[in-house]
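Have a look at the model first, then read on.

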Amino acid sequence: ADPTVEVLSAATPPLPEVKLRTNPVVDELVFEGPAPVGTTPATAQLQVYRATGQLLDTQVLDFSAGQQTLPFNHPSGIYVYFIQYGEETFSGKIVKK
């Protein structure tokens, strides 16, 4: 057997994208992610930063229901988020009204 084929066939497919459902936001963040299947983890690590780079918040997201809602009680402005979900990292901006 060709060992290259074995390694490729054992590779885990990439996770579907994790994304912020509504943007701009008012007072809560709703993230959508894939519900865990097989070895896909149920939780992800969220970090929210100000546009200046200052870390504001770190949370654990639970995608066992396919989405997670969190309060977002920060002033109006632009923020950046990073989500570590398994081996994947997702990022985007948050516009707070």
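## Aromatic pairs

Let's start with a rule for rings: those of Phe, Tyr and Trp (its six-membered ring) pair if their centres lie within 6.5 Å, and planes under 30 degrees apart count as stacked, over 60 as edge-to-face and the rest as tilted. With that rule, searching the whole structure, which is a predicted model, turns up four aromatic pairs. One of them is phenylalanine 63 with tyrosine 85, an edge-to-face pair at 5.3 Å centre to centre with 70° between the planes. This pair ties together distant parts of the chain, 22 residues apart: phenylalanine 63 lies in the loop between strand 4 and strand 5, and tyrosine 85 in strand 6.

Phenylalanine 72 and tyrosine 79 make another edge-to-face pair, with 5.1 Å centre to centre and 90° between the planes. Both phenylalanine 72 and tyrosine 79 are buried.

## Ground rules and confidence

Residues are numbered from 1 along each chain as its sequence is written, and side-chain values use heavy atoms, with hydrogens and water left out. Because the model is predicted, local features need pLDDT of at least 70 and side-chain atom pairs count only at pLDDT 80 or more, while totals for chains, interfaces and linings use all residues.

What does the confidence look like? pLDDT is the predictor's confidence in each residue, from 0 to 100. The protein chain averages 83, and 81% of the residues score at least 70. By element, strand 3 has the highest mean at 94, while helix 1 (residues 3-10) has the lowest at 49. Over residues 6-10 the pLDDT is below 50, and beyond near neighbours in sequence this stretch has one contact in the model (contact means heavy atoms within 4.5 Å).

Elements here are DSSP runs numbered from the N terminus: helices are H or I with at least four residues, strands are E with at least two. The protein chain has one helix and seven strands, in the order α-β-β-β-β-β-β-β from the N terminus on.

Two strands pair if DSSP finds at least two bridges between them. Four strands make an open sheet in the order 4-3-6-7, with antiparallel pairing. Strand 4 (55-62) and strand 7 (88-96) each have a single partner strand, so one side of each is left without a neighbour in the sheet. Inside the sheet, strand 3 (residues 43-50) and strand 6 (residues 77-85) pair over six bridges in the antiparallel sense. Leucine 46, for instance, has isoleucine 83 in strand 6 as its bridge partner.

Strand 2 (residues 28-32) runs antiparallel to strand 5, and five bridges join them. Valine 30 stands opposite threonine 69 in strand 5.

## The chain as a whole

Of the 97 residues in the protein chain, 26% are buried. Among contacts with a separation of 6 or more, 53% are between residues 24 or more positions apart.

Terms used
Buried < 20%, exposed > 50% of the residue type's maximum accessible area, 1.4 Å probe, protein only.
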